[in-house]
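Please keep the model open beside you and find each place as you read.

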Amino acid sequence: MARVALTWLAEPGHRIVHDMVRRHGAVAALAELVAGNTADPSLRAAVLTKTAAGDPYRISATALERADRLGARVVVPGDDEWPTGVDDLARLNLMHSGRQLERDTSPPLCLWVRGEPPVNDAVERAVAVVGARAATNYGVHVASDIAFGLAEREWTVVSGGAYGIDATAHRAALNAGGITVAVLACGVDRPYPMGNAALFDRIAEEGLLISEWPPGAEPLRHRFLIRNRVIAALTAGTVVVEAAARSGARQTLNRALALGRRAMVVPGPVTSALSVGCHELLRGNPEVRAVTGLPHVLEEVGRIGDDLAPLPRGREDPRDGLDEESARLLEVVPRRGTALPDQLAARAGLDLRTVLRRLPLLETLDLVHRRNDGFTLSPTATRRRPSPPA
């Protein structure tokens, strides 16, 4: 109850509140704050405003009763299902701009959860797939392919429940029969955006809805930026599929980088405004890896040596394995008409004995055909013959 009350008094991630809880425990920290015993003037003013609006102890009890009716639960550090990955946020230091959102990145004091799976089990093998709300067909296709493949391989897909890339990732994971987790910036009983209400209901039935805010909490703008640190901390890596220049997905990836998680970006068309953020992330951070699909993602987050992406290859061609002399001979076999072995030897600059040894090999590979009056390229080799280099 004290942790719930503290989250109501100050927004989640508040560094001073977290330090007070770490030193004194949640119950004592709450009592100190209510008594006004904090040296930080902005925090003291915020607590005074809140306590003037209501009693934190009563509000905490009401929130817990509401969650119980909803079928939700509160998970706190020390519970068996607490996801210990979020504790890494205690070492996050991003005070570059001096903004409160950059300073207050401490671990959650508690998590509100809807759904059956234990949180720690659900995110034991998890990847975040995030991106633009106004996603293009390209982004939707790539996000769906990655999320579906991850879920098929028993990776949990984590995202923020927004329109576009987030919703695509959640749906793809569910369609693959996997688990997906939506980390919300409002109460777990208050779907936002409302257009995704049916999706949230399905996630609650088959996966997890998670929030740091109590039931009924509003989706205020700054809360989306606060919750992004939790998406990054819950997962082994974050994939940004599409992101505009000021996309919140960029912040999630920067949180992942600061936590030492794998940071991945899907490159897009250089003419697309929704790929500007992705390309800037790649240009500005040497640790960010470009990924073009599921194999690359698995290579980044999977077990070393077991999940390597296959090297890109063109279509296999029997000529790929030819020795140098056989390849030279094949190049001079006519497409139309025929040529005798001695003619081929002269054209290729090879001795006749070599030509007579190589021709049976080329026949076996169905690259040349023997005629009564000589040899000619087979139709298969004619179709496969590459254009000469420019």
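1. A search of the whole structure, which is a predicted model, finds 1 aromatic pair, where rings of Phe, Tyr and Trp (its six-membered ring) pair if their centres lie within 6.5 Å, and where planes under 30 degrees apart count as stacked, over 60 as edge-to-face and the rest as tilted. The ring centres of Tyr-192 and Phe-224 are 5.8 Å apart and their planes stand at 55°, so this pair is tilted. It links distant parts of the chain, 32 residues apart, with Tyr-192 in the loop between strand E5 (180–184) and helix H10 (197–206) and Phe-224 in helix H11 (residues 221–234); helices (H or I, at least four residues) and strands (E, at least two) are DSSP runs, numbered from the N terminus.

2. The two partners can also be described by accessibility, where buried means under 20% relative accessible area, exposed over 50%, and partly exposed in between (1.4 Å probe, protein chains only). Phe-224 is buried at 16% relative accessibility, whereas Tyr-192, with a relative accessible area of 41%, is partly exposed. Phe-224 has a further contact, as the charged end of Arg-133 sits over its ring, 5.7 Å from the centre (the rule asks that NZ of Lys or CZ of Arg be within 6 Å of the ring centre and within 35 degrees of the ring normal).

3. Which residues lie nearest the centre of the largest pocket? They are Arg-133, Leu-225, Arg-246, Ser-247 and Gly-248, out of 22 lining residues, and H11 and helix H12 (248–258) each supply at least two residues of this lining. About 650 Å³ of space lies in the pocket. On a 1 Å grid over the protein atoms alone, a pocket is an open set of points with protein on both sides within 12 Å along at least five of seven lines, a cavity is a set where a 1.4 Å probe fits but cannot get out, and lining residues have an atom within 4 Å of a point.

4. The structure also holds 2 cavities of 30 Å³ or more, and the largest cavity has about 60 Å³ of space. Its lining includes Leu-6, Glu-11, His-14 and Pro-107, while helix H1 (2–9) and helix H2 (15–24) each supply at least two of the lining residues. Volumes are the space filled by probe spheres set on the grid points, which are joined across faces, edges and corners.

5. The search finds 0 disulfides, a disulfide being a pair of cysteine sulfur atoms within 2.5 Å. For Cys-110, the nearest cysteine sulfur is that of Cys-186, 15 Å away. Cys-110 is buried, with a relative accessible area of 1%, and Cys-278 counts as buried at 0%.

6. Please look carefully at the backbone too. Most residues other than glycine have a negative phi, and most peptide bonds are trans. The peptide bond from Tyr-192 to Pro-193 is cis, with omega near 5°, and Pro-193 is placed in the loop between E5 and H10. Glu-154 has a positive phi of about 65° although it is not a glycine; this residue is found in the loop between helix H8 (137–152) and strand E4 (156–159) and is exposed at 67% relative accessibility. Asp-366, also not a glycine, has a positive phi of about 60°.

7. A word on how to read the values. Residues are numbered from 1 along each chain as its sequence is written, and side-chain values use heavy atoms, with hydrogens and water left out. In this predicted model, local features need pLDDT of at least 70 and side-chain atom pairs count only at pLDDT 80 or more, whereas totals for chains, interfaces and linings use all residues.
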